Amino acid sequence: MPQTAPRAGTWQGSRPRWWSELPLIAVVYAAYSAGRLLARGDVSTAVDHGLALLHFEQRLNLDFETPLNDLFTANAWIGIPADFAYASLHYVVTPAILAWLWKRRRAADYRLLRTWLLISTLIGLIGFTLMPTCPPRLLEASHGFVDTMAQYSSYGWWGGEASAPRGLGGLTNQYAAMPSLHVGWALWCGVVLWRHGRSVWAKAIGVLYPLSIAVVVMGTANHYFLDAAAGAAVMGVGLLLARPALRLAGLIRARLGAARRPDEAAGTTAAAAGTGTATAGTASATAANGTSNLNVASNVSDKCETAARERERIPRQQGRDADGSRSGDSGGREAGAAARSGRGGETATAGEGAAAAAR
């Protein structure tokens, strides 16, 4: 089976376990949500930042949110679906694609894309903290923006306070408009679908989804065009930092593994010492068996020599012992077989001595 070369900068490990991934993602998302609340800042400062963005866009004719908001507020069949998309897809599509990556794609691909998403989210949190920004819908009515979420609130679960469920607007930070992570996360989803989707439909959705979310956030007056552009820029920075972050994680993992190796080496040494003790015991047992074999062989040899001397003293018995020589030969052969079966060279020598004495 052909092997695919690992991509540079990604740690090639086993697929992360879901019980370790879920707490990690939950911690990052909790930090993101808590950071949005803590970064509320001064309302007047947020309004000043919002007006500065709007005036800058107007000078460059980039205030696309103004005509889009007029279109969404004048046509309910456009504004209502846009409100539903803004209030739900951000929290549904992104986790669904992340779970699909974990289940279907290579571990290296999942780690890189997950790290990209998490780092970009943390960068966005820094942006919320450093630059609280009032969205167009919260500016004074003289600027011409209408809050479509408030206009069509009777059609959904949201109220007049962003996309939060009715009555829970106090749990959100409505001045966290810069950068737009609605656009940033949608861009991440689009890249994943374009890169890893196998059908033409998946790739088409990968292009249309981030573009449609960018239109939605401006048409509902939740973000300026520059907010959307900043969300895309944040994702670009997160992608650049993802591979170095993975390499750093790999170095930390290697250091921790090296710190554990001395303990493992100590355990291996102890096991080797135990093996050496067992080997010594086996050698002692072998030596004892060899000594006993030598004693047996010497006893057999002594008996054979005694029998030969007795035959020399009594010549008349030599004829009687002619038949016994054949049994002596068979005894020699048995002794040789015993030597071949591993009972020692001494036993073979004793068998040859017995055969010679019989002859």
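View 1. Follow the protein chain along its sequence and you read α-α-α-α-α-α-α-α-α-α-α-α. That comes to 12 helices and zero strands, where helices (H or I, at least four residues) and strands (E, at least two) are DSSP runs, numbered from the N terminus. Keep in mind that this is a predicted model: local features need pLDDT of at least 70, side-chain atom pairs count only at pLDDT 80 or more, and totals for chains, interfaces and linings use all residues. Residues are numbered from 1 along each chain as its sequence is written, and side-chain values use heavy atoms, leaving out hydrogens and water.

View 2. Of the chain's 359 residues, 36% count as buried, meaning under 20% relative accessible area (1.4 Å probe, protein chains only). The chain exposes about 20,300 Å², with 64% of it supplied by carbon and sulfur atoms; these areas come from the Shrake-Rupley method with a 1.4 Å probe.

**View 3. The largest nonpolar core.** Here we have 37 residues; a nonpolar core is a set of buried Ala, Val, Leu, Ile, Met, Phe, Trp, Tyr and Cys residues joined through side-chain atoms within 4.5 Å. Elements that give two or more residues to this core include α4 (76-104), α5 (107-130) and α7 (181-196). Helix α7 gives the most, with eight residues.

**View 4. Zooming in on Val-192.** Val-192 is among the residues with the most contacts inside the largest core. Leaving aside residues up to four places away in sequence, Val-192 touches Ile-97, Trp-100, Leu-101, Leu-113 and Gly-197 (contact means heavy atoms within 4.5 Å).

**View 5. A second core.** This separate core of 11 residues includes Leu-54, Cys-134, Leu-139 and Met-178.

Conventions:
Buried < 20%, exposed > 50% of the residue type's maximum accessible area, 1.4 Å probe, protein only.
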